[in-house]
Each structure stands twice: as C-alpha cells, then as structure tokens.
2 protein chains.
Amino acid sequence: MNDSVSDLGKILKQQRINTPLTLQELAAESGVSSSHLGRIERGERFPSARILRKIAKPLGFSEDELFTLAGFLSPQTSGVAEEGVSRYNSRQLDPYVARMLAEEPPEIQRAVIGILSLLKSIARGISK
Amino acid sequence: MNDSVSDLGKILKQQRINTPLTLQELAAESGVSSSHLGRIERGERFPSARILRKIAKPLGFSEDELFTLAGFLSPQTSGVAEEGVSRYNSRQLDPYVARMLAEEPPEIQRAVIGILSLLKSIARGISK
DNA sequence: ATTATAATTTGCCATATGGCAAAAGTCAAT
DNA sequence: ATTGACTTTTGCCATATGGCAAATTATAAT
C-alpha cells in the first residue's frame with residue numbers, strides 16, 4: 001500500500017464531514033452499507049471500483065477524480081511506461097487539493113498560502 | 001451478470017488475438033496470471049480495476065477506455081460532471097496559489113487542506 | 001500415429017470485499 | 001446519573017478475486 005492509498009480513507013472522510021453527511025446518510029444516498037463505508041474511511045477495507053463509483057456523486061467527486069485518488073487511474077495522461085516509477089512527482093498539485101482549494105474565493109486561497117509560509121518560517125525558526 | 005459484462009471478456013479476447021498475444025504472453029507482460037486472464041475472457045471472473053489497469057497497455061487500450069468498457073466509468077467523463085455541480089465550477093484556482101502549493105510535497109498539500117477545513121469548522125461553530 | 005511443445009482450462013486455496021445485525025460510543029435533554 | 005436517539009464500530013458470514021500447479025487440449029514435427 002502506498003501513500004495515496006492509505007490517504008484515501010482520510011480524504012473520503014474529510015469530504016463526507018465537510019459536506020456534511022453521516023455515514024448512514026452517505027450509505028442511504030450511495031447504496032453502500034454504512035459499516036463498509038466506515039471501514040473504508042479508517043483504512044480497514046479498500047473500496048472497489050463499483051463502490052467508488054457509487055459514492056462519487058454524493059460526495060461531490062467526479063468519478064475520474066476518485067479513481068485517480070484510489071490509484072485506479074494514473075494521473076492525467078494514460079500510458080506511463082514503467083510501473084516502478086516509485087517516486088511521486090512532487091512538483092504537481094494533488095487533484096484533490098486543487099479541487100478543495102478551488103472552492104474557496106481567491107482571497108481565501110491566497111490567505112492559505114500566506115498561512116503556509118508563516119508556518120514554514122516559524123518551523124524554520126524552531127529548528128534552528 | 002449483464003450483457004456488457006459478459007461482452008467484456010469477448011472484447012478482451014478479441015483484442016488479445018488481434019494483437020496478437022497468447023494468454024501466457026499477455027500474462028508475462030501484464031503481470032496477471034494466465035489462468036485468471038483466461039477466466040476473465042470467458043466470463044468466469046470479472047476483472048478488478050487493478051487487473052484492468054495492468055492489462056490495458058499490453059492490449060493497447062487506454063485505461064479510461066477499458067474502465068468504461070467494464071462499466072467502472074460512465075461513458076465520456078473527462079473531469080467535468082454534467083449534472084448539478086453548480087456549487088463547484090463557479091470558482092477557479094488562482095494560478096499563483098497553485099504554483100506555490102505545487103512546490104510542497106503531497107502530504108503537506110493535504111495537510112493544508114486539513115487545516116483549512118478545521119478553521120472553517122471552527123468559524124462555523126463561532127458564528128452559530 | 002506418436003511424441004514433443006506450447007496454450008488453455010480446471011481444481012484448489014488464500015485473501016479481499018461488502019452486507020447485516022448486534023454492540024459500543026456520543027450527545028442532548030431531562 | 002439516566003434515558004433516548006443517533007452514529008460509528010465490530011462480529012460474522014457469504015461471495016468474489018486471483019494465483020499456483022496439475023490436467024487437458026491444440027499444434028506441430030517427425
């Protein structure tokens with residue numbers, strides 16, 4: 001299991017909480033049992049494509065997006081030659097992150113960056 | 001099992017024969033056992049997303065294409081959902097913000113979103 | 001036909017998925 | 001504290017997936 005996979009549960013939960021929905025409500029809307037959804041969120045089960053597809057709309061994801069997050073689709077273009085390309089491209093913006101941030105108005109988006117650099121400079125100060 | 005599902009096997013076999021490849025060769029190239037591939041072709045098993053992804057390239061399919069054939073993706077989704085997405089497409093990601101965030105590793109990017117939603121939920125609590 | 005070789009199918013099994021119902025937490029209002 | 005209404009987690013089980021090795025079935029080549 002790689003990072004993105006173990007993160008999937010967190011992402012799904014965060015999105016559900018944000019929406020906001022309870023597990024039971026999501027279960028009702030998606031047709032997936034709440035117990036299974038719970039296990040998926042805490043990483044005890046990995047959702048199949050069928051399940052992913054069912055929960056996409058209620059959570060406001062596009063199918064592609066969820067599939068990419070789940071590692072079922074490779075990001076963006078099809079046809080990456082090597083599967084052992086182990087290292088994640090760190091110069092890319094996580095699609096989930098992009099989508100979440102895009103929902104915020106521009107001033108909030110920039111404030112987020114401001115806070116981030118503030119935190120980074122604080123961290124730099126501490127580590128010195 | 002419905003029609004389209006039982007068709008998938010025929011399609012895959014057709015494509016393999018056309019390529020041309022034997023089951024064993026496809027197995028070698030895809031990393032999926034030939035016995036499993038055989039069962040998939042004759043409809044005794046249904047391929048998971050992981051398996052589909054593995055065999056896509058050797059067979060000359062794009063991932064999207066195979067996923068759509070398998071019924072995992074609804075036909076013609078390219079990131080933009082056709083339905084009630086009013087809440088989401090209204091906004092765009094500031095290019096500057098995108099550039100700054102893209103320089104951070106994925107876990108930081110997601111942490112930023114986590115902090116943002118935390119702040120938002122706190123704010124919601126206050127305003128109530 | 002007979003053997004050799006490659007290709008496909010089958011038997012068996014280990015593991016993963018996912019649902020249902022019961023148990024365990026949460027939380028507000030007495 | 002206790003009740004009652006939700007929400008989440010757990011126990012258990014039925015089913016599906018997928019690999020390995022043996023068995024079967026083509027396909028040639030003497």
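Author: A polar contact is a pair of N or O atoms within 3.5 Å; within protein, one atom must be able to donate a hydrogen and the other to accept it, and residues adjacent in sequence count only if both atoms are side-chain atoms. In this case, a polar side-chain atom of B:Gln24 lies 3.3 Å from a base nitrogen of DNA strand C. The model is predicted, with pLDDT of at least 70 needed for local features and 80 or more for side-chain atom pairs, while totals for chains, interfaces and linings use all residues. Residues are numbered from 1 along each chain as its sequence is written, chains are lettered from A and ligands numbered from 1 in the order in which they are written, and side-chain values use heavy atoms, with hydrogens and water left out.

Reader: Which residues come nearest to DNA strand C?

Author: A residue is near a strand if one of its heavy atoms lies within 4 Å of it. Of the 20 residues around DNA strand C, the nearest are A:Arg39, A:Ser48, B:Leu23, B:Gln24 and B:Arg39. On the DNA side, sugar and phosphate make up 52% of the atoms that come within 4 Å of the protein.

Reader: How do the residues of the surface near DNA strand C divide by class, and which helix gives the largest share?

Author: Ala, Val, Leu, Ile, Met, Phe, Trp, Tyr, Cys and Pro count as nonpolar, Asp, Glu, Lys and Arg as charged, and the others, Gly among them, as polar; on that basis the surface has five nonpolar, eight polar and seven charged residues. Helices are DSSP runs (H or I, at least four residues), numbered from the N terminus, and helix 3 of chain A gives the largest share, three residues.

Reader: How many residues does each chain bring to the contact between chain A and chain B, and what area is buried there?

Author: Taking contact as heavy atoms within 4.5 Å, chain A brings 47 residues and chain B brings 40. Buried area is the accessible area (1.4 Å probe) that two parts lose on being put together, summed over both; here it is about 3,900 Å², with 59% given by carbon and sulfur atoms. Within chain A, the residues that lose the most area to chain B are A:Asp64, A:Leu93 and A:Ile113, together 13% of what that side buries.

Note on methods
Helices (H or I, at least four residues) and strands (E, at least two) are DSSP runs, numbered from the N terminus.
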